[in-house]
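Here is a short briefing on one protein. Look at the fold first, then at the aromatic rings.

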Amino acid sequence: QVQVVESGGGLVQAGGSLRLSCAASGSSFSVKSMGWYRQAPGKQRELVAAITSDGSSNYADSVKGRFTISRDSAKNTLYLQMNSLKPEDTAAYYCNVRTGIGALRYDYWGQGTQVTVSS
């Protein structure tokens, strides 16, 4: 059973910074990608940023230039450095871990960590 645990959320003023961490453990298969998603009240969950096993990353347009995703592959730990935070970044942030073998893929989610940006 894969365990995914996020940390690092909190309350910050607009313009401030936060760093989220996500630790994954227990996977029998290789980790193909890891990513951060967020969900604000009344809205659908959306991709914030993701990074593949070969280091390729992609970002939502709304966070480009402000957020940076990184990964410690040896520790299966994911990070999200969030700078110049805006009130619209307020949401629950979820870590996604995608593992697999061959053509099979399995998705695992953490419980989420709340990020609140005050204006």
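The protein has zero helices and 11 strands (DSSP runs: helices are H or I of at least four residues, strands are E of at least two, numbered from the N terminus). This is a predicted model: local features need pLDDT of at least 70, side-chain atom pairs count only at pLDDT 80 or more, and totals for chains, interfaces and linings use all residues. Residues are numbered from 1 along each chain as its sequence is written, and side-chain values use heavy atoms, without hydrogens and water.

**Overall shape**
- The C-alpha trace spans about 45 × 25 × 25 Å along its principal axes.
- Of the 119 residues, 39% are buried (under 20% relative accessible area; exposed is over 50%, partly exposed is in between, with a 1.4 Å probe and protein chains only).

**Aromatic pairs**
- The whole structure holds two aromatic pairs (ring centres of Phe, Tyr or Trp, its six-membered ring, within 6.5 Å; planes under 30 degrees apart are stacked, over 60 edge-to-face, the rest tilted).
- Phe-29 and Tyr-106 are stacked, because their ring centres are 5.7 Å apart and their planes meet at 20°.
- Phe-29 sits in the loop between strand 3 (18-25) and strand 4 (30-39), and Tyr-106 in strand 10 (residues 104-109), so this pair ties together parts 77 residues apart in sequence.
- Phe-29 is partly exposed, at 33% relative accessibility.
- Tyr-106 is partly exposed too, at 31%.
- Tyr-37 and Trp-109 pair edge-to-face, with 5.0 Å between centres and 70° between planes.
- Tyr-37 is in strand 4 and Trp-109 in strand 10, so their pair links parts 72 residues apart in sequence.
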